[in-house]
Amino acid sequence: MTGWEEVPEVKPASVRRLIGVDAAYCDEREVAVAAAVAWDRAGRRVVESRRLTGKPPMPYRFGHLAAREVGIAEAVVRELVTDGDVVMCDGHGLMHPDRAGLGVHLAARLGRPVVAVAKNPLHRETPLTSPERGAVRRISDAQGVVGAEVRTAESVRPVYVSVGGGISLDAAIELVLESSRYRLPEPARAADRQARDGLRELLGRAR
């Protein structure tokens, strides 16, 4: 496994597809469904998808998503990712108190560039960006800039963008805005829907 710092940096012009990944859980049944989708930048649509079923290794704890999700997320992404792809996960990357969110772990394991898009900041601060689409506020810790609050659609709550490795923050923000029609970027939105649908189907069969 390479370190996230060693993942070669890509430029947006070289990126063909965004690989969205997310997982849905039923802790009562001890099952998880991870989904990955390949969103083609030229066609602006999902062209492939995969699902994988597993068992959560631990219950969810705030701030510890990576320990719970990285294994199944890595496995399902590996079924789709190829050269020229950037992975987009639902979670934090460097914008994590330990600078080690899910995006960082995925970049290190996959050796691929990863953009992390979280719905909420870990510190739950009030959004400060203006309501216009494309508004950006960079967020720093004691060591420097770790991510950004980004408005992906007019007058909706922002998302929190950081990198896992292999891509600059500016490039990550560019890809997030390019792939967003609503609040969540389309690759992340489609992966979330696929994971939830897969979990519903799995639980329905288990009745």
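Strands are DSSP runs of E, at least two residues long, numbered from the N terminus. Two strands pair if DSSP finds at least two bridges between them. This is a predicted model, in which local features need pLDDT of at least 70, side-chain atom pairs count only at pLDDT 80 or more, and totals for chains, interfaces and linings use all residues. Residues are numbered from 1 along each chain as its sequence is written, and side-chain values use heavy atoms, without hydrogens and water.

**View 1. Strand β8 and its partners.** Strand β5 (residues 114–118) runs antiparallel to β8, joined by 5 bridges. Ala 116 has Ser 162 of β8 as its bridge partner. Strand β7 (residues 144–150) also pairs with β8, antiparallel, over 3 bridges.

View 2. A pocket is an open set of points on a 1 Å grid over the protein atoms alone, where a 1.4 Å probe fits, with protein on both sides within 12 Å along at least five of seven lines; lining residues have an atom within 4 Å of a point. The lining includes His 92, His 96, His 123, Glu 125 and Asp 141. Strand β6 (residues 136–141) gives the most, with 3 residues.

View 3. Cys 26 is buried at 17% relative accessible area. Cys 89 is buried at 0%.

Key. Helix = DSSP H or I, 4+ residues; strand = E, 2+ residues; numbered from the N terminus. Buried < 20%, exposed > 50% of the residue type's maximum accessible area, 1.4 Å probe, protein only.
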